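Here is a friendly walk through this structure, meant to be read with the coordinates open beside you. We begin with the domains, then turn to the sheet, the charged pairs and a few single residues.

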Amino acid sequence: MGRVLMKGTEAIAEAAIQAGCKYFYGYPITPQNEIPEYMSAHLPEVGGVYVQAESEVASINMVMGGGSTGYRVMTSSSSPGISLMSEGISYIAGCEIPAVIVNVMRAGPGLGGILPAQADYLQSTKGAGNGDYNLIVLAPSTLQECVDLTQLAFDLAQKYRNPVMVAADGFMGQMMEAVEIKPSPTRNQPADESWALGFMGERGGKRSHLHSLYLSPEPLEEHNRKLQRKYAEIKKNEQRCETYMIDDARLVVAAYGTTARISRSAVNNLRAEGLKVGMIRPITIWPYPFETFKRLPSTVEHILVSEMNAGQMIDDVKIATSCKYPISFYGRMGGFAPSVREIEDECRRILGQ
Amino acid sequence: MSEVKVYSRPKSWMPDVSSHYCPGCGHGIAHRLVCEVIDELGIQNDAIGLAPVGCAAMIYDYIDTDFCEAPHGRAPAVATGIKAVRPDKIVYTYQGDGDLASIGMGEIVHAANRGMNLTVIFINNAIYGMTGGQMAPTTLIGQRASTCPLGRDVKVNGYPIRVSEMLAALPAPGYIARVTVAQPKYITKAKQAVRQAFQNQVDGKGFSLVEILSSCPTNWGMRPVEAFDWLVNTMIPYYPLGTFKDFD
């Protein structure tokens, strides 16, 4: 398959199939409906199964069951649906079950609207469910990256036995772009019989028991310590970040997803004017790419955070930079994205131009 | 004189483990029936259980099969997820009335309505046990519970839900029966129903549910013998025993 023009949601779905995902549990919610629709049409062609759940509460629990077999499974939803899934995500993390969850983010709070937003940054990176757990959260900025990160999500989920979220804002889901979707080299990775359900015979009669309940404090604390060691390992190994024109930059725009695309155009235009502006783009928003922020050049004087929300990433940038730079924010909400012009103007204002 | 073995624990009961259940609780009997059926059908290595939230949350401490622990009420959804990937495995849930008929009513109705080839063991003891005796959706009219201290009032709390009759109204589920573990004569029939519910899945027939009327002397405020009498004399009249639906 060469480069083809595809809609983001359908590209994500096909990328998942090419990553060996044969089981999808879905529930309709705009703006991600093309994912379950695509899966219901195409999974049977590869010997897979699509199940339409009765709610997002059910679909995430189906993912928990499917993932517990060690095979590649997935669900997708949009913001209010992810809220409903939060219980299940906490259990999946607690039971250490691999799973991939796609959130095509829309504007909130509450029912909000169906237009794009990045308003679930805190929900996804800080944990909406109960207890000390973390999701790996990937934030694509192009449709090719939607494809690549979806495939990466399956690898990371199995490697760490952890739920992984692809946090694609609504623009990523609904726009069209040329993408190339290759079969993932790991698509035929077998289930890990050492822990997955359904292999008691293969284990010589030794059963597997996946649970998050520990009624005594000692084993529960030990379980938590084990999870924390895993999260520390993920933080060490999996930070992903792009920097763009930062080598001599005085001002750096920090943005991810669609806002990063817009910021890139603004940086190009400002550079053409001779202004020293660059961009830092977290690709993993958990684990947050602290290491890249630490290595920002000494020329940097100021950081502008831009998001399609009220500034949910600001605290992470402050932590990542130890508050050593002044930080400004420019964002839009309700389904709007900042325009290239708006970000340029904000940069000029900060630089006193 | 030769020795004749008249009693032993089922092979799929965890070795050297006794249950935490209160004296007079029906869970132990129901667990044993599940174990006996798993042994008789020879499916221990292929069975995958879903534990509920409630007194039976630690069922995996007693039954030696693969297990996953579902969130409260969600076991039918988790089971559906497993069965979609592994239709060759025998997937069963074991759920109480708070779990299945209250917080998990949505999941059980839709799992039944899909006719998914699953086995559901549903324990109805008309009360929330683990949390300390609160009113359940199955608590009888006038029955006292810690959240209806004057007794269940239908004007406020509605009527106890007859789950088996309700699910039997759906076209898809194949086998739905209500049994009890109140007395030995009933336990024999309960065993047959549990066995049928597992055999149906082995045969690929579709959704099977056995509702087991059970006792909770601790939270009913009764001695064990009184509790079993109350079960027979008060619960069974409201929740009639029988097979509400069968494949044939």
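The domain bounds used here come from an automatic or database domain assignment. Please keep in mind that this is a predicted model.

**Domains of chain A**

Chain A splits into domain 1, covering 4-198 + 227-236, and domain 2, covering 241-351. Taken over C-alpha atoms, the centres of domain 1 of chain A and domain 2 of chain A are separated by 27 Å. Where they touch, domain 1 of chain A contributes 33 residues and domain 2 of chain A contributes 24 residues.

One residue to look at in this chain is Asn224(A), which sits in helix α8 (residues 217-237) of chain A. Asn224(A) counts as partly exposed because its relative accessibility is 23%. Along the chain, Asn224(A) and Gly131(A) are 93 residues apart, while 9.3 Å separate their C-alpha atoms.

**A sheet with strands from both chains**

Which strands form the open sheet, and in what order? There are eight, in the order β9(A)-β2(B)-β1(B)-β3(B)-β4(B)-β6(B)-β5(B)-β7(B), with mixed pairing. The edges are taken by β9 (209-210) of chain A and β7 (242-245) of chain B, each of which pairs on one side only. In general, strands of a sheet pair through backbone hydrogen bonds, either parallel or antiparallel.

**Charged pairs**

Side chains of opposite charge can pair when their charged atoms come close. Over all chains, the structure holds 35 salt bridges.

| Salt bridge | N to O distance |
|---|---|
| Lys7(A) and Glu34(A) | 2.7 Å |
| Asp88(B) and Arg86(B) | 2.9 Å |
| Arg178(B) and Glu165(B) | 2.6 Å |

The side chains of Lys7(A) and Glu34(A) meet in a salt bridge. This pair links distant parts of the chain, 27 residues apart: Lys7(A) belongs to strand β1 (residues 4-7) of chain A and Glu34(A) to helix α2 (residues 34-42) of chain A. Lys7(A) has 21% relative accessibility and therefore counts as partly exposed. Glu34(A), at 14% relative accessibility, counts as buried.

In chain B, is Arg86(B) buried or exposed? Arg86(B) is buried, because its relative accessible area is 9%. Its salt-bridge partner, Asp88(B), is partly exposed, with a relative accessible area of 47%.

Arg178(B) lies in strand β5 of chain B and Glu165(B) in helix α6 (residues 163-168) of chain B, so the pair ties together parts that are 13 residues apart in sequence. Arg178(B) is buried, at 1% relative accessibility, whereas Glu165(B) is partly exposed, at 26%.

Salt bridges also form a network in chain A, linking Glu273(A), Arg341(A), Glu344(A), Asp345(A) and Arg348(A).

**A nonpolar patch**

Finally, which residues make the nonpolar surface patch of about 400 Å²? They are Val4(B), Val6(B) and Tyr7(B). Of these, Val4(B) is found in the segment before α1 (27-41) of chain B. Residues over 50% relative accessible area are called exposed. Val4(B) has 67% relative accessibility, so Val4(B) counts as exposed.

Notes: Residues are numbered from 1 along each chain as its sequence is written. Chains are lettered from A and ligands numbered from 1 in the order in which they are written. This is a predicted model: local features need pLDDT of at least 70, side-chain atom pairs count only at pLDDT 80 or more; totals for chains, interfaces and linings use all residues. Side-chain values use heavy atoms; hydrogens and water are left out. Patches are made of residues with over 30% relative accessible area and no salt bridge: like charges are joined within 9 Å, nonpolar side chains (Val, Leu, Ile, Met, Phe, Trp, Tyr) within 5 Å. Accessible areas come from the Shrake-Rupley method with a 1.4 Å probe; for residues, only the protein chains shown count as cover. A salt bridge is a side-chain nitrogen of Lys or Arg within 4 Å of a carboxyl oxygen of Asp or Glu. Helices (H or I, at least four residues) and strands (E, at least two) are DSSP runs, numbered from the N terminus. Buried means under 20% relative accessible area, exposed over 50%, partly exposed in between (1.4 Å probe, protein chains only). Two strands pair if DSSP finds at least two bridges between them. Contact means heavy atoms within 4.5 Å.
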